[in-house]
Amino acid sequence: MIEIERKFLVISNAFKAEATSQTKIKQGFLNTDPERTVRVRLKGNHGFLTVKGKSTNDGTSRFEWETQIGKTEAENLLKLCEKGIVDKTRYEVVVENHTFEIDVFSGDNDGLIVAEVELNHVTEVFKKPLWLGDEVTGQSKYYNSQLSKHPYNTWNKQ
């Protein structure tokens, strides 16, 4: 139940040619407290409820619990979420032994593309594809819970 992942900006659309899947995601947050976020997600026709704990100091690890819920349940829970729904399309790209999840954001976060790779341990080595840019692991402004409150399209205005 401990999620270990690293997060990167994406510098080109080359990943799309390598993608094995593409799914629309709509998500909101019932709670965005950094100590415990509670997310409702509609991924394609499937709903999910996720609880995440506080990240470690380096931002690579945190508690995560997720369960699948019905589509209708997810749609109803999204209506109860805090202001700021996050819309994105997720692409999955397999690079050697790892699957990168690349989120292409739309709506208020249009223009932001972020890749995540889940690891088995913090020091695990993985191949970095050419389209991977700067690492943003641990930078909370890239957390979806924060993008719901402070969208990418407002960053230059602050």
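Tutor: Begin with burial: a residue counts as buried when its relative accessible area is under 20%. Keep in mind that this is a predicted model.

Student: Is Ser145 buried or exposed?

Tutor: Ser145 has a relative accessible area of 6%, so the residue is buried. Ser145 belongs to helix α3, which covers residues 144–149.

Student: Which residues does Ser145 touch, leaving out those up to four places away in sequence?

Tutor: With those left out, Ser145 touches Phe29, Thr32 and Thr37.

Student: What does a database record say about this part of the chain?

Tutor: UniProt, in an unreviewed entry, lists residues 1–149 as "domain: CYTH". In the model, the end C-alpha atoms of residues 1–149 are 26 Å apart. That span is 12% helix and 50% strand.

Student: Next, charged side chains. What is the general idea?

Tutor: Side chains of opposite charge can pair when their charged atoms come close. For a salt bridge, the cut-off is 4 Å between a side-chain nitrogen of Lys or Arg and a carboxyl oxygen of Asp or Glu.

Student: How many salt bridges does the structure hold?

Tutor: The structure holds 11 salt bridges. One of them joins the side chains of Arg62 and Glu3, with an N to O distance of 3.8 Å.

Student: Why does the pair of Arg62 and Glu3 tie together parts that are apart in sequence?

Tutor: Arg62 is in strand β5 (residues 61–69) and Glu3 is in strand β1 (residues 2–10), so the pair ties together parts 59 residues apart in sequence. Arg62 is buried at a relative accessible area of 13%, and Glu3 is buried at 6%.

Student: What is the N to O distance in the salt bridge of Lys7 and Glu116?

Tutor: The side chains of Lys7 and Glu116 meet at 3.1 Å, N to O. This pair links distant parts of the chain, 109 residues apart, with Lys7 in strand β1 and Glu116 in strand β8 (residues 113–118). Lys7 is buried, with 6% relative accessible area, and Glu116 is buried with 10%.

Student: Which strands hold Lys88 and Asp103?

Tutor: First the contact: the side chains of Lys88 and Asp103 form a salt bridge at 2.9 Å, N to O. Lys88 is in strand β6 (residues 86–95) and Asp103 in strand β7 (residues 98–105), so this pair ties together parts 15 residues apart in sequence. Lys88 and Asp103 are both buried.

Student: How do I read a pair of aromatic rings?

Tutor: A pair of aromatic rings is described by the distance of the centres and the angle of the planes. Planes over 60 degrees apart count as edge-to-face.

Student: How many aromatic pairs does the structure hold?

Tutor: The structure holds seven aromatic pairs. Among them, Phe8 and Phe126 are edge-to-face, with 6.0 Å between centres and 70° between the planes. Phe8 is in strand β1 and Phe126 is in the loop between β8 and β9, so the pair ties together parts 118 residues apart in sequence. Phe8 is buried at 1% relative accessible area, and Phe126 is buried at 10%.

Tutor: Phe15 and Tyr91 also form an edge-to-face pair, at 5.3 Å centre to centre and 75° between the planes. Phe15 lies in helix α1 (residues 15–18) and Tyr91 in strand β6, so parts 76 residues apart in sequence are tied together. Both Phe15 and Tyr91 are buried.

Student: Which residues do ring pairs link into a cluster?

Tutor: The cluster links Phe8, Phe15, Tyr91, Phe100, Phe126 and Trp131.

Student: Which ring does the charged end of Arg62 sit over?

Tutor: The charged end of Arg62 sits over the ring of Tyr143, 5.0 Å from the ring's centre. Lys141 lies over the face of Trp155, 4.6 Å from the ring centre.

Definitions and conventions: Residues are numbered from 1 along each chain as its sequence is written. This is a predicted model: local features need pLDDT of at least 70, side-chain atom pairs count only at pLDDT 80 or more; totals for chains, interfaces and linings use all residues. Side-chain values use heavy atoms; hydrogens and water are left out. Helices (H or I, at least four residues) and strands (E, at least two) are DSSP runs, numbered from the N terminus. Buried means under 20% relative accessible area, exposed over 50%, partly exposed in between (1.4 Å probe, protein chains only). UniProt positions are given in the numbering used here, feature names are shortened, and annotations may be inferred rather than shown by experiment. Rings of Phe, Tyr and Trp (its six-membered ring) pair if their centres lie within 6.5 Å; planes under 30 degrees apart count as stacked, over 60 as edge-to-face and the rest as tilted. A charge sits over a ring if NZ of Lys or CZ of Arg is within 6 Å of the ring centre and within 35 degrees of the ring normal. Contact means heavy atoms within 4.5 Å.
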